[in-house]
Amino acid sequence: MTYKETLDWMFVQLPMYQEKGKSAFNGKLDTIKALSEHLGRPERKFKSIHVAGTNGKGSSSHMLASILYEAGYKVGLYTSPHLKDFRERIKIDGEPISKGNVIDFVAENRPFFEAQQLSFFEMTVGMAFDYFAKNRVDIAIVEVGLGGRLDSTNIITPEVCLITNIGFDHMDMLGDSLSKITYEKAGIIKEKVPVVISEYQEEVADVFESVAREKKTKLVFASQEVHNSYPTSLLGHYQARNCKGVLAVLKQLKGFVIREEHLKNGFLRVVENTGLMGRWQVLQHGPKVVCDTAHNSEGLTLVLKQINGQHFDSLHMVLGFVMDKNLDSIFPLLPKKATYYFCRPNIRRGMEVAGILEKAQAYGLQGQAYTSVKEAYEAALKKALDTDFIYVGGSTFTVAEVL
């Protein structure tokens, strides 16, 4: 198969949460363990840092990878979802896995995938771990896909665990309370493996403390213990919270030499070293256009705070969502003094735009519905003056279509 045919086979034939949502979440580790056994237990052949959390886990993972790369280490990076190309998910020293590697891995293991009925995510995790092991990375930064306890990445025994924060997201799978969601995220904590929590949240701290006691491991709340920070090439103000978690993780990481210049350069060169996109990314000026992948109430609250700090005459918001999003928790946060361009991202889980518009109007948000992200974005560009501000977001998939 060609690269495109290989991806089509992975995307279409087997369940994929990115496209199908809850129906693709199998909630067990049996098949990823079987795949690991089939591949020769690759996750045991490299050191790792495991990163979970509701918001900020992607940015934190890229920061860690950038700093360790600056320190001279060969660094694997596994993240999800991708924005433009599947290969963004699996990188070594900022370079995506080659198309040939993707094709060969699927071709070699396809009979096993079909026999075991592996999910898209399980195949991708197996591909990443196999790639990191064969290329002898010094360390891999592994981002959780969803939750933690039952996530396919949770077969690694890392050097350190990082959990950025806890918020309401994917409640249909992770639970309907912060404590239930916290329990799922805390499922990555391993026996005697130090765990860092980027943000101290009083309402869930006791859950982390309980799990840490049970696992006999050190627990660090970075927001309480880290008081310094570094400027970073990631422009969102909210990145300061992620910086603290990253610094606390590196302090707990044994056997790796990280000097002051590695920290400074690593934070400043995150985008350059890792290719991260979609975090308060400025697309143009006059009018200024910014996109951000924040997609839940906690993440959007931080983004909206930054928007409020911008200087502009009029605000234009291009927004598209996926079906599991609770708009009743998002729309009250949005400014009424803005023009909205509602759209549906081009994936199966995209929320129908007529329903978005109806709900928005009930909350006093004024705007129109568009048949595609492209149409909505072009309408905003046409209407906005050079002194205006355009924001594109609501979903990773909305952002992907404007990049």
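User: What do the buried residues of α12 pack against in this model?

Analyst: They pack against three helices: α4 (57–70), α11 (239–252) and α13 (270–274). Bear in mind that this is a predicted model.

User: Which residues of α12 are the buried ones?

Analyst: Helix α12 spans residues 260–268, and H262, L263, G266 and F267 are buried there.

User: What puts those residues on the same side of α12?

Analyst: The arc they cover around the axis is only 115 degrees, so they sit on the same side of α12. As a rule, an α-helix has 3.6 residues a turn, so residues three or four places apart point the same way.

User: Why is R110 called partly exposed?

Analyst: Its relative accessible area is 27%. Buried would need under 20% and exposed over 50%, so R110 falls in between and counts as partly exposed. You'll find R110 in helix α5 (residues 99–116).

User: How do you know that C243 and C291 are buried?

Analyst: Same cut-off: buried means under 20%. C243 has a relative accessible area of 1%, and C291 has 0%, so both pass as buried.

User: How many disulfides does the structure hold, and why?

Analyst: A disulfide needs two cysteine sulfur atoms within 2.5 Å. For C243, the closest cysteine sulfur is in C291, 19 Å away, so that's too far for a bond. For C291, the closest one is in C343, and at 13 Å that is too far as well.

User: What makes β9 and β13 edge strands?

Analyst: Picture the open sheet first: six strands in the order β9-β10-β14-β11-β12-β13, with mixed pairing. β9 (281–284) and β13 (367–369) each have a single partner strand, so one side of each is left without a neighbour in the sheet. On average, neighbouring strands of this sheet are turned by 20 degrees against each other, direction ignored.

User: How do you know that β9 and β10 pair?

Analyst: Pairing takes at least two bridges, and three bridges join β9 to β10 (residues 288–291), so the two count as paired. They run antiparallel, and Q281 stands opposite C291 in β10.

User: Which strands does helix α14 touch where it packs on the sheet?

Analyst: Helix α14 (residues 297–308) touches β11 (315–320) and β14 (389–393), and its direction makes about 170 degrees with that of β14. Helix α16 (residues 353–362) packs on the sheet too, touching β12 (339–343) and β13, with its direction at about 150 degrees to that of β12.

Key. Residues are numbered from 1 along each chain as its sequence is written. This is a predicted model: local features need pLDDT of at least 70, side-chain atom pairs count only at pLDDT 80 or more; totals for chains, interfaces and linings use all residues. Side-chain values use heavy atoms; hydrogens and water are left out. Buried means under 20% relative accessible area, exposed over 50%, partly exposed in between (1.4 Å probe, protein chains only). Helices (H or I, at least four residues) and strands (E, at least two) are DSSP runs, numbered from the N terminus. The arc is that of the directions from the helix axis to the C-beta atoms. Contact means heavy atoms within 4.5 Å. Axes are lines fitted to C-alpha atoms, for helices over the stretch in contact, and angles run from 0 to 180 degrees between N-to-C directions.
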